[in-house]
Structure formats: C-alpha cells, structure tokens
Amino acid sequence: PGGEHPLGTDSAGRDVLSRLFFGARITLLSAALAAGVAIVIGLPSGLVAGYYGGRFDGVASWSTNILLALPSMIVLLAVRAALGPSVWIAMIVFGVLLSPGYFRLTRTAVQSVRNELYVDAARVAGLSAARIIARHILSVVRAPIIIQTAMVCGIAISIQSALEFLGLGDPTVPTWGVMVNDGFRNIYRAPMTLIWPTITIAAVIAATALLLVLAIPA
C-alpha cells in the first residue's frame, strides 16, 4: 500500500482498490440477475397458483419440489462444465433454482387472502381477476418479496464468490470472488490481497441482512 495504491496491488500489479470498485459492478449485477430470474419465474406462477389453484397449482407445486430436490452446487458445477465459466449463465441457472422459494412464499400469501371480504367485494364489483391480483393481492406479497430478495442477493453473492474462489469462474472477469482466489494463492507473499475482497463481500452480505431486518417491521 502507498499513495498511488491505497490498498496495494495484486499479483499482476493491478490496483486492488480500483478492482474492488470495478468488480462490484459485475458481482452486484450478477446477484441482481439471480434474484430477477427467481422473481420472474416464482412470483407470477405463485400468484396464479395461489389465486386459481386447480391443476396449475398441482403441476407448479410438483415442479418446485423437483427443483428443491436438486443440489444447487452440483447443478452449477455441471452447468460450468457444459457451458463454460460464465458468471451470467451460472447466475441465471441459480436464479431458476431459487425460484421455488418465491413461488411458495407468494402462493401461501395469496391463499391466505383470496377469500377475504374485500377480494369478494372486488369480484362482485365486476373487477377482472387480473385487476384484483394487481390491485389487492400484490400489496399483500410485496413486503415478503422484498425481504426474500434481500436474502437471495446475499446468498447469490456468496455462491458466486465460492465458485470463483474454487477456481470455477472466469479469471478474466474481475469480480470479488476472483480477487479472493488470487489473494489465497498469494496468501504467504501478500496476505492483504485476500483480506480486502473478503471484507468487502462480508460487508455487502451484512448490508443485505440489515435491509432484511429493517424491512421486517414494515
């Protein structure tokens, strides 16, 4: 560490601080991608299954049980072997594996309110099912979805960093996990290169946990 490099440089002479900032973009975007894929799959299917029930509910519940039975890490390792070390593909697949959590959360919340008096009043007033879901049902599941998303983002960052620490990521893409892997390989020569990305990952995951705690009272 010095004036030009406040946190020092890595094994290739690159500034650690600038790589932390640059790696934040890819790491956080990939976590958001995993959460986004999970929401896109789990939220609509949970709304439909919880509101209508019937055959779609049975098929969707069976499908989520299958996804929950799959070991996430093994699936991600298989995807990496088949499609290459792409952080984006890995997070898309991980988002699919996380979607059952959103499905079950949304389905349970919708089932608890679909027979409430204000929902029945909306049906009597002639509102369509789509408008009832958009105006009355979504407000019920909004807070749980926010809490779930905060937790999922922290998990996605952890899984992504773990895969890259094991050397299963793309070493040409500057992410925090790649920096941890580089620091671990040089831990005896420059241990601080391992500490900085580790602290950053822990701080961001703690921030998502804090968001989770703050969102619960709301």
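Which residues does Phe94 touch, not counting residues up to four places away in sequence? Select Phe94 and then Ala34, Ser72, Leu76, Ile155, Ala156 and Ile159, which are the residues that Phe94 touches once that neighbourhood is set aside; contact here means heavy atoms within 4.5 Å. Before going on, keep in mind that this is a predicted model, in which local features need pLDDT of at least 70 and side-chain atom pairs count only at pLDDT 80 or more, while totals for chains, interfaces and linings use all residues. Residues are numbered from 1 along each chain as its sequence is written, and side-chain values use heavy atoms, with hydrogens and water left out.

Now move to helix α7 (residues 176-185). Eight of its 10 residues are buried, so α7 is largely enclosed by the rest of the structure; buried means under 20% relative accessible area, exposed over 50%, and partly exposed in between (1.4 Å probe, protein chains only). The buried residues of α7 are Trp176, Gly177, Val178, Met179, Val180, Asn181, Asp182 and Gly183.

To see the contact itself, select Val16, Arg19, Leu20, Gly23, Ala24, Thr27 and Leu28 in α1, which meet Trp176, Val178 and Met179 in α7.

Finally, look at the two aromatic pairs that the structure holds. The ring centres of Tyr51 and Tyr52 are 5.1 Å apart and their planes stand at 85°, so this pair is edge-to-face; rings of Phe, Tyr and Trp (its six-membered ring) pair if their centres lie within 6.5 Å, and planes under 30 degrees apart count as stacked, over 60 as edge-to-face and the rest as tilted. The rings of Phe165 and Phe184, with centres 5.3 Å apart and planes at 70°, are likewise edge-to-face. Phe165 lies in helix α6 (residues 129-165) and Phe184 in α7, so this pair ties together parts that are 19 residues apart in sequence.

Notes. Helices (H or I, at least four residues) and strands (E, at least two) are DSSP runs, numbered from the N terminus.
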